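Please look over the sequence and the model below before reading on.

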Amino acid sequence: MKRNLLNNLFLSVVFVVGTYGCSVLKPNKHNKEKIKTIGYKKLKNYIDENQFNYEWLKLKGDANIVFKGEEEKIKTNFRLRNDSIIWMNFSKASFQLLTGLVGKDSLKALIKYPEKKYFSGTFNELQKMISVNLSFKLIEDLLTGRMIGHEKSNKTNVQIKENKYYLKYDLKDNGTNQNNYSVQYWINPKLFKCDSIVVSSAANETTMNVSYNHWSQVEEQHFPLKVNFNFTNLSDTIALELKYKSPLKINEQQNFPFKISEKYI
């Protein structure tokens, strides 16, 4: 493994950007069954009712990461407490690469290979490093297949595209033109789950694509066993493919081991 890839692995995954190559991810077109027209309020209620809910969650799986032209396949382990904390661990061939701990306002990481490093800081500090506005909720929603950013959106027209419900929002950050961006959603008409999301900013020339696939029933809810992220800006494309293993462990209390040894200080 090369240093550039693994030294940035934690930030890349926490940024949750980019699974599956460089192409724009679009919904499956094979479902030809005609769907009914629906109003915005009713659609939003269905979406809210079908968001994935949990108190504790444990996810294991495989990840394929492409960053700066380099590709790595690793094992992933996530433990989450809803709206509280995310613990993550990455390994390869039984060798631990790094452990991360994401809280509501800050994040920490122990990088063990190719060299021992320690990162601790706030989301504001991370934003200065990678020029991306992150939050705990964004990361949690992406990992669990929730419809990111929808709670901040205003009423818009419901369209039907590619036989899915389609919503598009043009959003402004604090009324300025610097952080304006658009968000597009493709909604599964049977599950009322978000199959695909595209977030783009013309000012920053960045695009983030998210795709949720292989919906599995978990205690009367549906969870995507395959999650794809793709983030592209002027200088980089980061691609990440997550394949979770079934069964998931839901609502079983988890611990979040994270200890800093003297080697990192």
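In this predicted model, the buried residues of helix α5 are F136, L138, I139, E140, D141, L142, L143 and T144. Because eight of the nine residues in this helix, which covers residues 136-144, are buried, α5 is largely enclosed by the rest of the structure. Just after α5 comes G145, which takes a positive phi of about 80°.

One of the buried residues of α5, L143, is also touched by Y244, whose contacts beyond four places away in sequence are L59, K60, G61, F78, L143, F223, P224, L225 and V227. Y244 in turn belongs to the largest nonpolar core, a set of 61 residues in which F78, Y185, I197, F223, L242 and Y244 have the most contacts inside the core. In soluble globular proteins, nonpolar side chains tend to be buried together.

A residue with another setting is Y118, found in strand β6, which spans residues 117-122. The C-alpha atom of Y118 is separated by 9.9 Å from that of T99, a residue 19 places apart from Y118 along the chain.

Turning to the chain as a whole, its secondary structure comes to five helices and 14 strands, and buried residues make up 51% of its 265 residues. Of the contacts between residues at least 6 apart in sequence, 55% join residues that are at least 24 apart. The chain exposes about 13900 Å², and carbon and sulfur atoms supply 45% of that area.

Conventions. Residues are numbered from 1 along each chain as its sequence is written. This is a predicted model: local features need pLDDT of at least 70, side-chain atom pairs count only at pLDDT 80 or more; totals for chains, interfaces and linings use all residues. Side-chain values use heavy atoms; hydrogens and water are left out. A nonpolar core is a set of buried Ala, Val, Leu, Ile, Met, Phe, Trp, Tyr and Cys residues joined through side-chain atoms within 4.5 Å. Buried means under 20% relative accessible area, exposed over 50%, partly exposed in between (1.4 Å probe, protein chains only). Contact means heavy atoms within 4.5 Å. Helices (H or I, at least four residues) and strands (E, at least two) are DSSP runs, numbered from the N terminus. Accessible areas come from the Shrake-Rupley method with a 1.4 Å probe; for residues, only the protein chains shown count as cover.
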